[in-house]
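Please keep the sequence and the model open beside this note while you read. The points below are meant to be checked one by one.

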Amino acid sequence: TCPLPVVASITGAVSVCTGGAITLSDTTHGGIWSSSSTTIAITGSSEGMVTGIAVGNVIISYSVSNSCGTSIVTAPITVNLPVKAGTISGFSKVCIGSTITLSDTATGGIWNNGNGLAIVSDAVITGITSGTDVIQYIVSNSCSSDTATKTITINPLPDAGTITRPSSD
């Protein structure tokens, strides 16, 4: 009997971004790379490079042939979009000791403050010290990270002053 070629497992990343590329590898040399859907991801014929075209899932195959036939191994690859942090909305002023709640059109992000004049707990901003702080909303996935910012003014509490009256003699 004629033995089929022995092909090792495909190694490398399991996801790629649209417009990005990853390189897969196989220790068996001389094979050909292919994609189950070239509208989602394309491959270089012999170098193992996979380029993300559109969001979705695709099966990448590596085939090695000899005079007895062809052996194929496959790997599932996910093509993702790079993230966008969106736009932070909500009030841009808060008094010391008071709170405002911000929101962002993107989901799954982390809220952060710039210089510590405000405390940030999720999207609730509490003024601590008067001045200007830059609030950040950071969104990440396997493709990228993006940050939206909003400048917040922390106003001091009003000062009612001191009540004086004339002294009585």
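The numbered points that follow concern a predicted model, and they take up aromatic pairs and then a sheet.

1. A pair of aromatic rings is described by the distance of the centres and the angle of the planes. The count here comes to two aromatic pairs. In one of them, Trp33 and Tyr62 lie 4.4 Å apart from centre to centre, with 45 degrees between the planes, and the pair is tilted.

2. Trp33 belongs to strand 3 (residues 32-35) and Tyr62 to strand 6 (residues 56-66), so this pair ties together parts that are 29 residues apart in sequence. Trp33 is buried, and Tyr62 is buried as well.

3. For Trp111 and Tyr137, the ring centres are 4.5 Å apart and the planes stand at 45 degrees, so this pair is tilted. It links distant parts of the chain, since Trp111 sits in strand 12 (residues 110-113) and Tyr137 in strand 15 (residues 131-140), 26 residues apart. Are these two residues, Trp111 and Tyr137, buried or exposed? Both Trp111 and Tyr137 are buried.

4. To find your place in strand 16, look for Thr149, which stands opposite Gln136.

Notes
Residues are numbered from 1 along each chain as its sequence is written. This is a predicted model: local features need pLDDT of at least 70, side-chain atom pairs count only at pLDDT 80 or more; totals for chains, interfaces and linings use all residues. Side-chain values use heavy atoms; hydrogens and water are left out. Rings of Phe, Tyr and Trp (its six-membered ring) pair if their centres lie within 6.5 Å; planes under 30 degrees apart count as stacked, over 60 as edge-to-face and the rest as tilted. Helices (H or I, at least four residues) and strands (E, at least two) are DSSP runs, numbered from the N terminus. Buried means under 20% relative accessible area, exposed over 50%, partly exposed in between (1.4 Å probe, protein chains only). Two strands pair if DSSP finds at least two bridges between them.
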